[in-house]
Structure formats: structure tokens, C-alpha cells
Amino acid sequence: MKPVVWITGAGGLVGSYLMRTASRWALDWDARGLTRQDVDLTDETAVRRLWQEHQPTAVIHCAAISRPAVCEQDPELATKINVGATALLASLASEVPLLFFSSDQVFDGRQGWYVETDRINPINRYGETKAVAEKIVLSNPRHTVIRLALTAGTSATGDRSFVEDMRRSAGQGHDLTLFTDEFRCPVPAAVVARAVWELIGLKRSGLYHLGGAERLSRMEIGEALAMKYPELASRLQPGSVTAYRGPQRPPDLSMCCDKIQRLLSFPIPGLRSWLMTSTTPGTEVWDYPLTSSRVCS
Ligand SMILES: NC(=O)c1ccc[n+]([C@@H]2O[C@H](COP(=O)([O-])OP(=O)(O)OC[C@H]3O[C@@H](n4cnc5c(N)ncnc54)[C@H](OP(=O)(O)O)[C@@H]3O)[C@@H](O)[C@H]2O)c1
């Protein structure tokens, strides 16, 4: 019998990529995906019962309130899930590895190219919940935190990634105002899944940054996506974050990923190089091909 690994948030963007790649990259594991229908992670009794039943020997915790705007609207709910459910899982998994997804949003974005030892300073509720949760997780030396960058991909529900948001908005006839002075390191979800399975296999704990190899402005991200989705091209409007009147936004969340890169068997691609090499007809843009040539830079 293979050891059981729990994947929470299995219906979400990252969790679904982990589930669909498990048969390829996690052959030693019995991957059990947990959706909200399987268990509400804020229901402690139900979670404890399922833990006893499955007895997982590792946990990859993807479930979260992952949209910053939702965290601003309902900070109590955000804390309950992003902190409370994480603390519960970390305590249940005290003797086994647990991998938790934090976010580049723990930084204020004033510096850019952050390394793991840089001071965190979240400027929104989402980042605050992640900062609290990662401290809880890292108090156990068996556990791992990945600070993840903006993640690209497609989901079963079609409403999980920023790529899907942009395509939907353009499809509804809206222009997309994209800042030329706000920077991210977008990473395909398939790359995240592969990196996570490798890290789990290596039994590495601690704190890691994981983002794409290229630092791109929002406008450059839009232009790169328009190579694959031509319908976006006429909708892209350059803008400046200085003219934005909403809640404060971190301007530069680029992260240095050398620490995790040194452990991985493949080079982490940038978004543009990923898209430029995904030209094989019949290949889904965000799928990882069987050969690794796609991500070689
Ligand atoms: N995607 C990104 O760009 C990005 C960037 C940085 C960090 N991260 C972090 O990476 C992790 C995975 O992100 P993601 O993009 O996969 O998020 P996602 O698509 O929003 O998926 C999160 C999943 O958590 C589930 N969930 C929420 N509350 C729950 C509860 N009480 N009980 C059970 N399940 C619950 C959701 O279920 P429902 O489907 O039923 O709502 C959803 O399937 C998260 O921790 C996120 O904060 C993501």
C-alpha cells in the first residue's frame, strides 16, 4: 500500500494541477484530493475524523481564500481558513511533512527580487493571513512553506486563474487596463506542481520562494498572453498604478528563487519563455509536456 498524501483545495487551481500530475510525478504516493465537498476545513471535528480514517503521511495544503479582494471584504472568513485551518492541519501533521502555500503578498513590494530572509511587511489582509500562517507552519522543522507568485493555468470551473479572469473580461467586451509599473513573476501551475512533487520526494522542509524566472509588468504579462490568446490583443490598455484609486497594491513582488532552483531537476521557466515554447499543435498551453524540453531556457 502506498502512503497517503492529502491535497487540500483539490478543486482549486494549484490543487487540481497536483491531482492531475500525481500519476506522473508522484508514483510513490496515494494522492487523496480533498475538495470542500469532502470536508469543510473549518469543521474541526470532521477534519479530525477524516484524518483518523485516512492517516495521511504527508499534507500539501492548497485550500485558502486566495483572492485578496475577498479577504478584504471578509477578513474573519479569511483568518478562519488561511490561518485557522492551516493551524489545525499543522497540529494534526505534527509528526509528518506538511507543505503550505504562502504568497509573494507577504511583502510590501517596495524592493523587488525578494529572498527568503528579507523582512516581510504585508499591506493587505490576504498577505497578513499568510504571514501569520507561515509562522505557525515553520515552527515545526518537518514542515515547508512555499511563497508562491502569481500562478497561471486553467481550471475545471474556468474562474480560478488571472489568465481566465482576463480572457473572460475581454470576452465580455471590456478593455483591460494593465499597469506598466507593477511587476510580478508569473509561474505556470504545472511548474508549481512539478516543483512540489520534487520537493516532497526530496523530503525538504523550510521556506522557499517559487515564481517564474522573468519579472514582467502587468502590461508585459498581457502582451505575452496575447501571443496565445489573440482576442486579448485589442483589449490591452497600458496604465499606471499611480493613477489607481483602490486599496494599496504592492508594486514589485518579484522573488529570487535560487534556493528552490538548486533542488529542482529542471530550470524554472519565465512566463514568456513558457508561452513561446508551447507551440506544439494540439498541446494545451498550460499542460506540462511529456518531455522536459519545453521549460529549458
Ligand atoms: N493562484 C495564485 O496566483 C496564488 C499565488 C500565490 C499564492 N497562492 C496560494 O496557493 C494556494 C493555492 O492557490 P489556488 O490558486 O489553487 O487557490 P484556489 O483556486 O482559490 O483554490 C483554493 C481552494 O480552497 C478551497 N477552500 C476554501 N475554503 C475551504 C474550506 N473551508 N474547506 C475546504 N476547502 C476550502 C476552495 O474550495 P471552493 O472551490 O469550494 O471554493 C478552493 O478549491 C493558496 O494557499 C493560495 O493562497 C496562489
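Residues are numbered from 1 along each chain as its sequence is written, and side-chain values use heavy atoms, with hydrogens and water left out. In this predicted model, local features need pLDDT of at least 70 and side-chain atom pairs count only at pLDDT 80 or more, whereas totals for chains, interfaces and linings use all residues.

Six strands form an open sheet in the order E2-E1-E3-E4-E5-E10, with parallel pairing. Strands (E, at least two residues) and helices (H or I, at least four) are DSSP runs numbered from the N terminus, and two strands pair if DSSP finds at least two bridges between them. Strand E2 (30-34) and strand E10 (206-210) are the edge strands, each pairing on one side only. From one strand to the next, the twist averages 20°; axes are lines fitted to C-alpha atoms, for helices over the stretch in contact, and angles run from 0 to 180 degrees between N-to-C directions. Strand E3 (residues 58-61) is joined by three bridges to strand E4 (residues 98-103), and the two run parallel. Ile60 has Leu99 as its bridge partner in E4.

Helix H5 (residues 125-138) touches E4, strand E5 (144-148) and E10, and its direction makes about 155° with that of E4. Helix H7 (residues 189-202) touches strand E1 (4-8), E2, E3, E4, E5 and E10, at about 145° to the direction of E4.

Around the ligand are 25 residues, of which Val14, Ser66, Tyr126, Lys130 and Arg160 come nearest; a residue is near if one of its heavy atoms lies within 4 Å. Polar contacts are pairs of N or O atoms within 3.5 Å. Ligand oxygen atoms lie 2.6 Å from a side-chain N or O atom of Tyr126 and 2.7 Å from a polar side-chain atom of Arg160. The elements giving two or more residues to the shell are helix H1 (13-25), E4 and H5, with the largest share, three residues, coming from E4.

How values were computed
Contact means heavy atoms within 4.5 Å. A polar contact is a pair of N or O atoms within 3.5 Å; within protein, one must be able to donate a hydrogen and the other to accept it, and residues adjacent in sequence count only if both atoms are side-chain atoms.
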